[in-house]
Structures are given as structure tokens and as C-alpha cells.
Amino acid sequence: MGLVTVVVPTYNEAENLPELVERLHRAFGGVGYEVVVVDDNSPDGTANTARRLGERYPVRVVVRERRAGLSSAVVEGARAAEGNVVVVMDADLQHPPELAPQLAKIAERGCLAVASRYVKGGRVEGWSLSRRVVSRGAVLLARLVVPEARGVKDPVSGFFAYKRDCLRAVTPTGLYKILLDVLVQCRPPCVVEVPYVFGLRTRGRSKLGAKHILDFVRQILALSKWRPLKFAAVGATGVAVATAVLAATSWMTPLASVALAIEISLTTNYLLNRLWTFSERHTPLLAGWAKYHLATAAGNLTNYATTLALHFAGVWIYLAYLVGVAAGYFVNYALSELVVFSKPPAH
């Protein structure tokens, strides 16, 4: 195996760097490697700690003047890398350094190597229920709205390895989840997930917060070309269309007028989604129209069931209905993304 570069973005990781570098050195043994620490001007002296380590180990330091996010730090580290294969990992020791050589070997064969918490043998330890829900929710959203992430069990992992030339060319769409950009922009021919155990920090403080969650949502919306928001906007036009049809057919019996309003609004929604929201999918016109009716029926049923269940549980009917609308929207969008306007398989 040729020279491997380990890129480690840091902010206030002076306590963890010595152990990380020592364990990496033992893990790589006689294999040529280097560590590129990309530090966002940490006030705790992380950069100076890395420079001192560079006197004993193959460690180089890139210092940035301000915090600019992990994703851009990975790209800068790849641009400074001398190895053809780059391993990306955090400095907090939640990513086991001993796994880095295995990831590098897989990447050298041409596959994107992902250290995964969610394949057989992988897991998280010490997390609260809320943290687990947030993590699983992030994975679910990424796999739903970003087609390139659907074949990956842990598409938001921060521990992976791939070719340097690809990582150098990535344009980050978010501050933290660089793996999603790699999947979309590099389109690796194969992805191999390697299980690992993700535990709690032993030193320092976790940096996960509301800013990270909001940035992730914005990133997956951008990577999906804003399809969920377009889908919602089209749904809003359906209300206007249905209202106009009801007004124009007021001379009909209510049974006929309402049925016609629903059908016309469903059809206009389908056509707008086909022409705008999912324009790149080239969905067959009539087959897609039939599937769309089934998808919206499932969404409406979900809305109805959710609203009634919450109301009977004591929730105010109007609040229950709003939750039902949200649940119905999610089902409608999921079925539209995965079934009605499904992306054709790559050849």
C-alpha cells in the first residue's frame, strides 16, 4: 500500500491529539502514512500540540484563521495531502484509529470505505434515547431524499476513506456531513461499510448542537435540489385549484363537485411534480399518474388515522389535525420519491 494521508479536522482537541497520533502510529506499523491536522485556530493550543507531535511523528498542521466547518477542513486537508488515499476521521477518539489502515486498503482498491455504526457488528454506546433518535432520523432523511445515499447504512458517518483526487474536488454543501457530498459528487463505483463501535467522548466536549442539525437539514435539501419544499409548494397549489373548481362547479351536486375538485387538483399536482419537482426522473405519464393516486390515498389515510388517534388520546383536534397533515405529507413525499417518481437505476 502506498502513502496514506489521515486528515483530522480539529477545534479544541489538544487533550486528544497525543493519544490519537500514538495509536495511529501503532496501527499503521510499517505502512507509510502521514497525519494532516486542519485546525480552526483553536484557543486551547491544538495547533501547537500538533506541531510538537510533528517532531516525533509524521504530523503536519494546517491552521485556518476561523471556524469554517468540518467539511471544508476535510477538503483543505485533502489538498495538502501527499498520499493518494485519504482517511478522514475526528480527533475525539470516538473513531477508533486502529480501523484506519483497513479503510485505507479498501479505498486503495477503488471503493469508498465507510466506518459504519449501522451495519452488522457496528453500534453506538452510551447515547441517550434522544441522541439515538436524532441520529437515526438523520440517516432516514438522508437516505430518503438523497438517492446516492440509499445504498449506504450510515451515510452521515464522519469516518471514511477514499481517493485524494476526489476529495480535493468536492464542493461542500454543508458545514459538517462531508460524506454526503462525496457520495453525490464523486459517485464512487462501490461502497464498502466496515462496522465499528461509536462511544462517548473520554475528554473534551461534544460539539453537536442545534446549529449542526439545522445545517444538516439545509444540506440534504440542497443535495435533493430542494425537492421536499417543491413538493410542499405544489401541494399548496392543489388547494387553490380545488377551491377554484368548487367555485366553478357550484351548480353541480356537492357529491359531483367535490369529487371533480379532488381529481383535478390531484392531476395538476401530479403534472407539476412531474414537470418541476422530479423533472429529471422522466416518469412515464400514465403509469406515474396511477401511482400518484395510490400514493396520495396512502397519505390521506395516514393523515386520517393519525388525527383520530391523537384526538382520541386527548390531543386538541386542531393540533391533532396539524400533526396528521405532517404525517400524511411525509408518507406522500416518501412514496412519490421512492415509487411514483423513482430514480431509474444507474447503468
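The legends below describe close-up views of a predicted model.

**View 1. Packing of helix 11 against helix 12.** Two packed helices are described by the angle between their axes and the distance between the axes. For helix 11, which spans residues 285–312, and helix 12, which spans residues 317–340, the axes come within 7 Å and cross at roughly 155°. Because of that angle, helix 11 is roughly antiparallel to helix 12, and the crossing of these two helices is right-handed. Sorted by class, the residues in the contact of helix 11 with helix 12 comprise 14 nonpolar, 12 polar and 1 charged.

View 2. With a relative accessible area of 14%, residue N303 is buried, since buried means a value under 20%. When neighbours within four places in sequence are left aside, the residues in contact with N303 are Y321, G324, V325 and G328.

**View 3. Packing of helix 9 against helix 10.** Helix 9, residues 227–248, packs with helix 10, residues 254–277, at an angle of about 150°, and their axes are 8 Å apart. The angle makes helix 9 roughly antiparallel to helix 10, and the crossing of the pair is right-handed. On the side of helix 9, the contact is made by R227, K230, F231, A233, V234, G235, T237, G238, V241, A242, V245 and L246. On the side of helix 10, the contact is made by S257, V258, L260, A261, I264, S265, T268, N269, L272, N273, W276 and T277. By class, this contact of helix 9 with helix 10 contains 13 nonpolar, 9 polar and 2 charged residues.

**View 4. Packing of helix 9 against helix 12.** Here the angle between helix 9 and helix 12 is about 115°, and the axes are 11 Å apart, with a crossing that is right-handed. The contact brings R227, P228, L229, F231 and A232 of helix 9 together with Y329, N332, Y333, S336 and E337 of helix 12. In terms of residue class, the contact of helix 9 with helix 12 has 6 nonpolar, 2 polar and 2 charged residues.

**View 5. W226 in the loop between helix 8 and helix 9.** Not counting residues up to four places away in sequence, W226 touches R218 and L221. The C-alpha atom of W226 is separated by 22 Å from that of D154, which is 72 residues away along the chain.

**View 6. S42 in the loop between strand 2 and helix 2.** The loop containing S42 runs between strand 2, residues 33–39, and helix 2, residues 46–53. Residue S42 is buried, its relative accessible area being 9%. The side chain of S42 makes a polar contact with the side chain of D39 at 2.5 Å. With neighbours within four places in sequence left aside, S42 is in contact with T10, Y11 and N12.

**View 7. The buried residues of helix 3.** Within helix 3, which covers residues 70–80, the buried residues are S71, A73, V74, V75, G77 and A78. These buried residues pack against strand 1 (4–10), strand 2 and strand 4 (85–88), as well as against helix 6 (164–169) and helix 7 (178–186).

Key: Residues are numbered from 1 along each chain as its sequence is written. This is a predicted model: local features need pLDDT of at least 70, side-chain atom pairs count only at pLDDT 80 or more; totals for chains, interfaces and linings use all residues. Side-chain values use heavy atoms; hydrogens and water are left out. Axes are lines fitted to C-alpha atoms, for helices over the stretch in contact, and angles run from 0 to 180 degrees between N-to-C directions. Helices (H or I, at least four residues) and strands (E, at least two) are DSSP runs, numbered from the N terminus. Angles under 35 degrees count as roughly parallel, over 145 as roughly antiparallel, 65 to 115 as roughly perpendicular and the rest as oblique. A crossing is left-handed if the near helix is turned anticlockwise from the far one by less than a right angle, and right-handed if clockwise. Ala, Val, Leu, Ile, Met, Phe, Trp, Tyr, Cys and Pro count as nonpolar, Asp, Glu, Lys and Arg as charged, and the others, Gly among them, as polar. Buried means under 20% relative accessible area, exposed over 50%, partly exposed in between (1.4 Å probe, protein chains only). A polar contact is a pair of N or O atoms within 3.5 Å; within protein, one must be able to donate a hydrogen and the other to accept it, and residues adjacent in sequence count only if both atoms are side-chain atoms. Contact means heavy atoms within 4.5 Å.
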